[in-house]
Amino acid sequence: MARVLIVGAGLTGSLCAALIRKELPRPVHLAVWDEAGDSGGRMTTARSPCNPESTVDLGAQYITCTPHYAQQHQSFYVDLLALGILKPLTSPIEGMVMKEGDCNFVAPQGVSSIIKHYLDESGADVYFRHCVTQINLRNDKWEVSKDEGPPELFDIVVLTMPVPQILQLQGDVANLISKCQRQQLESVSYSSRYALGLFYEAGTKIDVPWAGQYITSNPCIRFISIDNKKRNIGYKCCHQLPWPVDSSPQTFPCVWRGCVHPVQLRWLRHFCPKLNREEKYIVLEAILEGPETQMARMP
């Protein structure tokens with residue numbers, strides 16, 4: 001039986017695994033490796049350490065389906081909606097730019113439930129904390145090395161991780177990338193973001209008319225989301241605040257997603273632009289003293 005390895009347990013990797021399982025005419029052994037501690041990638045959902053039913057999306061907040069992709073990927077949307085993994089976004093998002101024909105969806109169980117669905121559908125063996133470092137050709141098979149443990153042999157290897165990680169791979173795989181392809185890959189740029197999820201006690205009220213809001217008047221905060229309100233569920237509150245990369249070395253880049261009291265929001269909006277790096281750490285520490293938190297870096 002052929003052995004197939006997919007590197008990366010985000011949306012691309014999980015859907016690729018499901019499609020391979022569905023489309024290949026003969027049985028294969030599927031494995032999915034990811035260097036993180038859970039699946040999701042840029043569609044990560046974190047759980048409260050005190051209540052696993054309380055979750056916050058630390059990556060994508062909702063999914064926008066354009067008319068073009070509605071036609072191209074209709075079967076995927078039909079299946080996800082029928083299974084209840086997706087549902088229409090009906091909660092108000094202030095500052096959202098809507099184009100004619102666009103449809104927006106949310107995942108009631110968190111956006112990473114989409115990835116978990118496709119991984120389950122694939123039947124793949126999923127391994128976390130597996131960081132691929134080197135890929136070499138050995139007797140018509142690919143020998144894949146990771147940062148810990150012995151290398152393993154596969155007939156096919158599919159790379160779905162971010163471009164910088166692909167370019168850092170050692171071994172024969174580096175020779176497969178042509179000069180032109182390497183230049184194109186090296187031209188890809190990423191902006192770093194940090195996502196912070198804050199969990200408050202059930203019943204905590206945040207008296208705002210929206211479930212999410214884009215912030216354009218502040219150089220630090222980019223987006224806020226009250227996740228239970230966004231998804232129309234009754235779990236604990238979850239909010240989202242972004243602090244982007246700045247050209248100044250005195251800034252602290254992060255994206256916050258969690259529950260923040262309106263007083264804290266007003267204070268941050270007025271004073272964040274004036275704070276130096278040390279003072280911003282103090283702000284973070286003050287906010288983190290109360291609620292439970294989950295934080296993730298978005299590549």
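Tutor: Helices and strands here are DSSP runs, a helix having at least four residues and a strand at least two. The model is predicted.

Student: On that basis, what percentage of the span of residues 1-17 is helix?

Tutor: An unreviewed UniProt entry lists residues 1-17 under "signal peptide". In the model, the end C-alpha atoms of this span lie 16 Å apart.

Student: Is helix H4 mostly covered or uncovered, and how many of its residues are buried?

Tutor: Helix H4 spans residues 112-122 and is mostly covered. Its buried residues include Ile114, Ile115, His117, Tyr118 and Leu119. Out of 11 residues in H4, the number buried is eight.

Student: Which helices do the buried residues of H4 pack against?

Tutor: The buried residues of H4 have strands E2, E3, E5 and E9 among their packing partners. The helices they pack against are H1 (11-23) and H3 (74-82).

Student: Which residue follows H4, and what is its phi?

Tutor: The residue after H4 is Gly123. Its phi is positive, near 70°.

Student: How far apart in sequence are the parts that Glu152 and Arg3 tie together?

Tutor: The side chains of Glu152 and Arg3 form a salt bridge, with an N to O distance of 3.5 Å. Because Glu152 belongs to strand E12 and Arg3 to strand E1, the pair ties together parts whose separation in sequence is 149 residues.

Student: Which other residue meets Glu152 in a salt bridge, and is that residue buried or exposed?

Tutor: Glu152 is partly exposed, at 28% relative accessible area. Its side chain also meets that of Lys146 at 3.6 Å, N to O. Since the relative accessibility of Lys146 is 12%, this residue counts as buried.

Student: Which residues are linked with Asp227 and Lys230 in a network of salt bridges?

Tutor: Asp227 and Lys230 lie three residues apart in helix H7, about one turn of the helix. An α-helix has 3.6 residues a turn, so residues at such a spacing point the same way. The side chains of Asp227 and Lys230 meet in a salt bridge of 3.3 Å, N to O. The network that links this pair also contains Asp57 and Arg231.

Technical notes:
Residues are numbered from 1 along each chain as its sequence is written. This is a predicted model: local features need pLDDT of at least 70, side-chain atom pairs count only at pLDDT 80 or more; totals for chains, interfaces and linings use all residues. Side-chain values use heavy atoms; hydrogens and water are left out. Buried means under 20% relative accessible area, exposed over 50%, partly exposed in between (1.4 Å probe, protein chains only). Contact means heavy atoms within 4.5 Å. UniProt positions are given in the numbering used here, feature names are shortened, and annotations may be inferred rather than shown by experiment. A salt bridge is a side-chain nitrogen of Lys or Arg within 4 Å of a carboxyl oxygen of Asp or Glu.
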